[in-house]
Amino acid sequence: MDNRPRGPVENWRDRVVVVTGGTRGVGAGIARAFTEAGAHVVSCARRPPEIPVDGVEFVPLDVRDAAAVGDFFAARHRVDVLVNNAGGAPHRLLTDAGPERHARVIELNLVAPLITSLAAHPHLRRARGSIVMVGSVSGGRPSPGTAAYGAAKAGLESLARSMAVEWAPEVRVNTLVVGMARTESAAPHYGGPDGIASVARTVPLGRLAEPADVGAAAVFLASGAAAYISGASLLVHGGGERPAFLDAAESDNPAQDRQER
């Protein structure tokens, strides 16, 4: 068995990349990034994209359906990279919904990536490929209104770290911890363009992530340039969030703030 690390991937043309939830938002950005790198990209989602991406093959699939996922991967001749991107959740306080609704959020964001990873494993093992989990900053901080989602994303990072140990050295597994992103749903979620601008000012880099930013990070983690990176979590959040206590302290005592600076 050759356990030597591969060099940087300069030619993706013979690589097959599967992106779940790759028809819109961050997923579409990831699919586009791999396509631009030269890979053959297969995008799986329940609904087709409103705006197809050139070079991306669409296959309808509900990633929560273990039998359908198994059939999908059984029909593939090769898979080099699996990007577990499908997920999300509506804003809903815990007491505003029954446990079955919260369970469905966890099913989509945690159980489904486990289902797809297990089904893809034989392909990835043969190809000495990799898995990229798309996590969220919600998994590392309180997530009021999306508590089940945050819990699922925390579990996803833990799952990735365990997979990275169990499936080494043939398969690398890493997580992208994504912050706020400018997608089709950003405007209604943040209250329109003014809301997006206000939220962007809380990010150290001064803007929300673009889907292309996440796509570039995914390509990096799947490439030979990251051949010795596994079980890692890469933060794609523009520097994080400015601690609220700093603004509160400055507001209460601006003179002291100027002196300390």
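Mentor: Start with one term. Buried means under 20% relative accessible area. Take Trp-12: its relative accessibility is 4%, so Trp-12 counts as buried. Keep in mind that this is a predicted model.

Trainee: What share of the 261 residues in the protein is buried?

Mentor: Buried residues make up 45% of them. The protein exposes about 13,700 Å². Carbon and sulfur atoms supply 55% of that area.

Trainee: What is the mean pLDDT of the protein?

Mentor: pLDDT is the predictor's confidence in each residue, from 0 to 100. Here the mean is 89, and 87% of the residues reach 70 or more. Two stretches need care. Over residues 4-10 the pLDDT is below 50, and this stretch has twelve contacts in the model beyond near neighbours in sequence. Residues 257-261 also stay under 50, with three contacts beyond four places in sequence.

Trainee: How many helices and strands are there in the protein?

Mentor: Nine helices and seven strands. Now look at how the chain comes together. Take the contacts between residues at least 6 apart in sequence: 70% of them join residues at least 24 apart.

Trainee: Now the rings. How many aromatic pairs are there?

Mentor: Two. Look at the ring centres, then at the angle between the planes. Over 60 degrees counts as edge-to-face.

Trainee: What are the values for Trp-12 and Phe-34?

Mentor: They lie 5.5 Å centre to centre, with 75° between the planes, so the pair is edge-to-face. Trp-12 sits in the segment before strand 1, while Phe-34 is in helix 1, 22 residues apart. Phe-34 has a relative accessible area of 0%, so Phe-34 is buried.

Trainee: Why is the pair of Phe-72 and Phe-73 edge-to-face?

Mentor: Their planes are at 80°, with the centres 4.8 Å apart, so this pair is edge-to-face. Phe-72 is buried at 8% relative accessibility. Phe-73 is buried at 2%.

Trainee: Which residues touch the most other members of the largest nonpolar core?

Mentor: Val-18, Phe-72, Phe-73 and Ile-131, in a core of 28 residues. Several elements each supply at least two residues of this core, including strand 1, helix 2, helix 3 and strand 5. Apart from this core lies another, of 27 residues, among them Trp-12, Ile-30, Val-134 and Ala-217.

Trainee: Which residues is Ile-131 in contact with, beyond its neighbours within four places in sequence?

Mentor: Among them are Leu-82, Ser-117, Leu-124, Met-163, Trp-167 and Val-173. Find Ile-131 in the model and trace them.

Notes. Residues numbered from 1 in each chain as written. Predicted model: local features only at pLDDT ≥ 70, side-chain atom pairs only at ≥ 80, totals over all residues. Heavy atoms only, no water. Core = buried A, V, L, I, M, F, W, Y, C linked by side-chain atoms within 4.5 Å. Buried < 20%, exposed > 50% of the residue type's maximum accessible area, 1.4 Å probe, protein only. Helix = DSSP H or I, 4+ residues; strand = E, 2+ residues; numbered from the N terminus. Contact = heavy atoms within 4.5 Å. Phe/Tyr/Trp six-rings, centres within 6.5 Å; stacked < 30°, edge-to-face > 60°. Areas by Shrake-Rupley, 256 points an atom, 1.4 Å probe, with all protein chains shown as cover.
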